[in-house]
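The following exercises are to be worked with the sequence and the structure at hand. Each task is followed by a solution in steps.

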Amino acid sequence: MTLNGWLQILVYCGIIILLVKPLGGYMTRVFNGDRTLLSPVFVRVERGLYRLAGTSEREEQHWTTYTAALLFFSLAGFIVLYLLQRLQGGLPFNPAGMGATEPDLAFNTAVSFVTNTNWQNYGGESTMSYLVQMAGLTVQNFVSAATGIAIAIALIRGFSRASGTSIGNFWVDLTRCTLYILLPLCIVLTLVYVYLGVPQTLGTYVDATTLEGARQTIAVGPVASQLAIKMLGTNGGGFFNVNSAHPFENPDAISNLIQMVTIFAIGAALTNVFGRMVGNQRQGWAIFAAMGVLFLAGVSVCYWGEAAGNPLVHALGIDGGNMEGKETRFGIALSALFAVITTAASCGAVNAMHDSFMAISGMIPLINTMLGEVIIGGVGAGLYGILLYVIIAVFVAGLMVGRTPEYLGKKIEAKEVKMAMLAVLCLPLAMLGFTAVATVLPSAVASIANAGPHGFSEILYAYTSAAANNGSAFGGLTGNTPWYNITLGIGMWMGRFFVIIPALAIAGSLVMKKTVPESAGTFPTHGPLFVGLLVGVILIVGGLTFFPALAVGPIVEHLALGLGQTF
Amino acid sequence: MSQSKSASLMDSRILLPAIGGAFKKLDPRSLIRNPVMFVVAVVSLLTTVLFLKDVVTGGQSLGFTFQIILWLWFTVLFANFAEAVAEGRGKAQADSLRKTRTETQAKLLSSEKDTGFKLVPGTRLKVGDLVLVEAGDIIPSDGEVIEGVASVNESAITGESAPVIRESGGDRSAVTGGTQVLSDWLRVRITAAAGSTFIDRMIALVEGAQRQKTPNEIALNILLAGMTLIFVLATATIPSFAAYAGGAIPVVVLVALFVTLIPTTIGALLSAIGIAGMDRLIQFNVLAMSGRAVEAAGDVDTLLLDKTGTITFGNRQATELLPVKGVTEQELADAAQLASLADETPEGRSIVVLAKEKYGIRARDMQTLHAHFVPFTAQSRMSGVDIDGSSIRKGAVDAVLAYVNQSAAGAAVAGGGAVATIGTRASSETIRDLQSISDQIAKAGGTPLAVVRDGKLLGVVHLKDIVKGGIRERFAELRQMGIRTVMITGDNPLTAAAIAAEAGVDDFLAQATPENKLSLIRDEQSKGKLVAMCGDGTNDAPALAQADVGVAMNTGTVAAREAGNMVDLDSDPTKLIEIVGIGKQLLMTRGALTTFSIANDIAKYFAIIPAMFLAFYPQLGALNIMGLQTPQSAILSAIIFNALIIVALIPLSLKGVKYRAIGAAALLRRNLLIYGLGGVIVPFVGIKAIDVVITSLGLA
């Protein structure tokens, strides 16, 4: 580890902390329907869209209506995306002449983008037409992100409103998020990326002759626009197969920094939106702090593991950290940092190959994902995910002060606990359940590149990434087989909707409750004690669930390496 | 019942039957009420069947498997034992209650005017029947006194041997079946059918026969069931992980891991904690009609307390003597004492005492003074004494002034005599002086009592509501708990404000009526607060029913007792504060043991995971940080620890985690440290110790 490496990490953290308040303030105004800087530009478009959809910004929905609207919208998005892929051969904007995508791959990809996962069992430049990339994938990158944020806002309303019945209007939240937040930021970011050298063209791939005289086809396309939303919406699906390790998708240290910042920006700001909407920004900061503690712990271990390097390589007389699978323009610190950010935030974009990380540092992205993407997390998903943990933490700890547990004045009772447990339960069901089947299924085991614990980690990582809607791949696993396409698709679907529905049910239940005024008998949920408690509950609940799987995967691999064994 | 209060935890009369009870509770119908322990029983049964198959077919390491199975069953039995002990304590109390419910003969009257009666067995009485109860008779069933006054021994239910007065009308009209009339007679209208009397309900309550899960208990059970399912996933997926690595793990080891991981500690003790909470109230001589009420007590935000009896002593006392100009304190003290010598009210006695202690005037004997006592009447609103031709009166200021004016006018008409000149002495200046003194007293929350001797105004006695010692500290403590106290009083706002300030309550309701009491409760509840109150009169019934925790005094009316969800057998309104503490203790004990239970899992993983995978991943031996001797001893130690910790925590679950009024944040920090951090550390030590013992015994 170097001072320079740590400085880069600290600068990054500083930028995020500075962004939280202004962006949070702006987003709060957007979702409250207050006037913002951009209102004059978009207000007509916004009203027009509502008229078109037959709704109005004054119309409010019960949680069941809200959920139904959301599910309908996601299903429609899935069908459109599936059909676009299957029919792309006959559709325009297909200069490379891509044929129809296989049904199982099209299913996997459609689920993947609708659920904000962006798991990619395809290579973008060799499978998808420009039309699919722009009208299919990029559109879902926007609306799946907006959907996630809408859910978080709905859940916040559950806490902030009292004795009500409605939690907002899905169509309004979706529209406002896309129009006022995602679209303007992405336009700016796209221009910046183009300036930094990222291609943005509808032209054909470029043929070049290399110095050796060989012919090479260089893939280009509308990269910058997809790159902007890929990060901002924590989607992570790369235009190119190697994602942000590709020089066209991440040319230099500046573009790398912008990408890392935009992954966390909205998720971090949402904690402030939460604080503002419940009337106490410190509540938001406490949640942000809990996320921050987990994040810094992850970065420290990951950076340390990579910087320490491989003892077997050291034995050969080669000093230094582990550079395998990394881009020299980013180096160890920024590769480790990027890996932790992208898995903490459910983004899944990569600028280095996680498969090549040391066992112990490769375990950090895995753990981040296993915890359910609550460390900043996917846009919206991170906040509602951590609020589910908050409910469990408050329930157990709240009892210890001798009162029926309450959070922000709302009593946490059987219904909330039931829904939170349901959501927490569905993740290991998909992650561990599918891994357990795949590891004893010969055809599934055949897909892995390495034997032993490392191969096990590849399978475990795939299902964990899918169910947590992260989308990053450990690498090494050949995922484009019917078995993986279908089971990973189911995993992503479970991880998204089996969490969303309970979260909205909690919002619906909370919104009906009275707000109990705070007193000396209620323990404060904005101090370090609460932050510590929340971190502890996340680690213990998550850790206990996955300890056996981690033991036979990265832990045993790490211990074996110490004894000179590799797999 | 007072005798059984001291039933200690280790009383063999409770422990021995509880052992039998533990086996009886293996009945699946009773086990299913507790999801966590039901799951343990199911997997224990499964492994037992597998073991028996192995015995027949000749499997390997039978001794080890047998020990694991033994401890699995012990885990279930220990949980049942905990519940049986908790219930046993209630049963002991129920038995002593049952003894009082002996067969009684009732003297049935055919109408209210009936002079004769018919003897019928008490069990045949119907609601609405009229009975006569005379000195020495046991009251046959619950009822309401319609005629008569009698002293009644209620020690059967309260444990208090001093007799209480029961009379028709008013707030002391309720009588309880099983209590005994000591003197005089009562005519009683029966209000409860056989089998549903107060004592019957008490028996059912303390036995826990009607125990239903409380809302919070249900929520906690969901959490525990959810944790159990998570660990089903965590352990059920291990065989395929092992198969991938080319190994296999015996079912009994998986079961051992599973049972140690799921929250058996809290699962086993959960119902014992609930029963013990009710029981703790009973030991306080408070009967909660439901567990829900006990829980609600812990959540109370606002406490309505009656001023009289709770905040102040029931009666006012003289604290000061304030003469008008031209009169010495000594003079006033002398007159005030003389006027009060025969006054047997607490106020009167306090005047005599004050004159004696502060002014050294010894109480004199009425007889030797040839004094004639003039008692208080509602018309004159004064009392006093006529002595040697002079007359002394004390009373409400306006009454005394009216008396002075009247006698002055009377004197003017009569003309002459000793009294004639007196009236003129009550100059307007003296009257103003008197009034300003009494206004000051009223402002300070006291009651002024004017004293006049032969038409001459002497001064004012300051009668004061004496706030109970230490009550201020109690309220400060409640504030620390986050509870707002509201004093309820019939006094005027001025007096109420002064006493409220002295006692340190947060708010008061002056000139309280049943209506504005009820609306105060509704108002608080609409703000999301939970309200507790106590009351005894029929006019308290609506408020008692509306409050989240309504404590009815046992001396109160039937209506009040029906409306409340708790009954205080000692009729001590101060107890509300303890009741809140007990409610909090119940919730805290649940939370603490849940935290402890979950925190324990870390050590158990470190014990079992390396042992489990040792055959094919020997590298994982590095995780054996406790240095446990063999894989078998590691697994066995974990499961033994898991079973024994249940027994070790029975006393805590029955006694409850101590509540301290130190503020929620400090309390949470403290409990997290003890039960969270302690829960992480204790099993590391415990498992290691058990490992040392069982390896030295050669068990594994």
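This is a predicted model: local features need pLDDT of at least 70, side-chain atom pairs count only at pLDDT 80 or more; totals for chains, interfaces and linings use all residues.

**Exercise 1: Two residues of the annotated binding site**

Task. The unreviewed UniProt entry lists a "binding site" that includes B:Gln379 and B:Met382. State where each residue is placed, and decide whether each is buried or exposed.

Solution. 
1. Locate B:Gln379: it lies in the loop that joins strand 12 (372–374) to strand 13 (382–387) of chain B.
2. Apply the cut-off for exposure, which is a relative accessible area over 50%. B:Gln379 has a value of 72% and is therefore exposed.
3. Locate B:Met382: it belongs to strand 13 of chain B.
4. Apply the cut-off for burial, which is under 20%. B:Met382 has a relative accessible area of 6%, so it is buried.
5. List the surroundings of B:Met382. Leaving aside residues up to four places away in sequence, its contacts include B:Phe376, B:Thr377 and B:Lys394. The UniProt "binding site" feature also covers B:Phe376, B:Thr377 and B:Lys394.

**Exercise 2: The contact between chain B and chain A**

Task. Describe the contact between chain B and chain A: how many residues take part, how much area is buried, and which side chains form the salt bridge?

Solution. 
1. Count the residues: chain B contributes 62 and chain A contributes 62.
2. Consider the area: about 5000 Å² is buried between the two chains, 78% of it on carbon and sulfur atoms. Of the area that chain B buries against chain A, 15% comes from B:Phe241, B:Tyr244 and B:Gln619, more than from any other three residues.
3. Consider the polar links: there is 1 salt bridge between the chains, and 12 residue pairs are in polar contact. The salt bridge joins the side chains of A:Arg403 and B:Asp301 at 2.9 Å, N to O.
4. Assign the elements: helix 7 of chain B supplies the largest share of the side that touches chain A, 13 residues.
5. Sort that side of chain B by residue type: 37 residues are nonpolar, 16 polar and 9 charged.

Key:
Residues are numbered from 1 along each chain as its sequence is written. Chains are lettered from A and ligands numbered from 1 in the order in which they are written. Side-chain values use heavy atoms; hydrogens and water are left out. UniProt positions are given in the numbering used here, feature names are shortened, and annotations may be inferred rather than shown by experiment. Helices (H or I, at least four residues) and strands (E, at least two) are DSSP runs, numbered from the N terminus. Buried means under 20% relative accessible area, exposed over 50%, partly exposed in between (1.4 Å probe, protein chains only). Contact means heavy atoms within 4.5 Å. Buried area is the accessible area (1.4 Å probe) that two parts lose on being put together, summed over both. A salt bridge is a side-chain nitrogen of Lys or Arg within 4 Å of a carboxyl oxygen of Asp or Glu. A polar contact is a pair of N or O atoms within 3.5 Å; within protein, one must be able to donate a hydrogen and the other to accept it, and residues adjacent in sequence count only if both atoms are side-chain atoms. Ala, Val, Leu, Ile, Met, Phe, Trp, Tyr, Cys and Pro count as nonpolar, Asp, Glu, Lys and Arg as charged, and the others, Gly among them, as polar.
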